[in-house]
Amino acid sequence: MRNGLYECPSCGNLYKWKKSMLSHLRYQCKQPPRFECTYCPIKNYQKGHILRHLRVHHPHLSPLYFDRKFNTIYRL
Ligand SMILES: [Zn+2]
Ligand SMILES: [Zn+2]
């Protein structure tokens, strides 16, 4: 929740109601998950999940993840 609005975790669209955001995410937002692991095919809609995945599955590698929204690889 940001500024009293609910943000679609996939495309970043903002909605006044959580219900609207969730129905958008389920029925309208056809984009693939926004965040991707750079070391394996894991993808996720939520940044927190991909960061946790990096720590758990690739603890000896640099924590790099891909953000589809900005088309950029980020370091934790
Ligand atoms: Zn969306
Ligand atoms: Zn991975």
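The protein splits into domain 1 (1–31) and domain 2 (35–75), with bounds that come from an automatic or database domain assignment. The centres of the two domains, taken over C-alpha atoms, are 21 Å apart. This is a predicted model, in which local features need pLDDT of at least 70, side-chain atom pairs count only at pLDDT 80 or more, and totals for chains, interfaces and linings use all residues. Residues are numbered from 1 along each chain as its sequence is written, while chains are lettered from A and ligands numbered from 1 in the order in which they are written.

**Overall layout**
- You will find two helices and six strands here; these are DSSP runs numbered from the N terminus, helices (H or I) having at least four residues and strands (E) at least two.
- Along the sequence, they come in the order β-β-α-β-β-α-β-β.
- Along the principal axes, the C-alpha atoms fill a box of roughly 40 × 25 × 20 Å.

**The interior**
- Of the 76 residues, 11% count as buried, meaning that 20 or more other C-beta atoms, placed from the backbone, lie within 10 Å of the residue's own.
- The largest nonpolar core has five residues: Phe 35, Cys 37, Ile 50, Leu 54 and Tyr 65. Such a core is a set of buried Ala, Val, Leu, Ile, Met, Phe, Trp, Tyr and Cys residues joined through C-beta atoms within 7 Å.
- Strand E3 (35–37) and helix H2 (47–57) each give this core at least two residues.

**Contacts**
- Leaving out residues up to four places away in sequence, Cys 37 touches Ile 42, Ile 50, His 53, Leu 54 and Tyr 65; contact requires C-beta atoms, placed from the backbone, within 7 Å.

Technical notes:
A residue is buried if 20 or more other C-beta atoms lie within 10 Å of its own, exposed if 12 or fewer, and partly exposed in between; C-beta atoms are placed from the backbone. Two residues are in contact if their C-beta atoms, placed from the backbone, lie within 7 Å.
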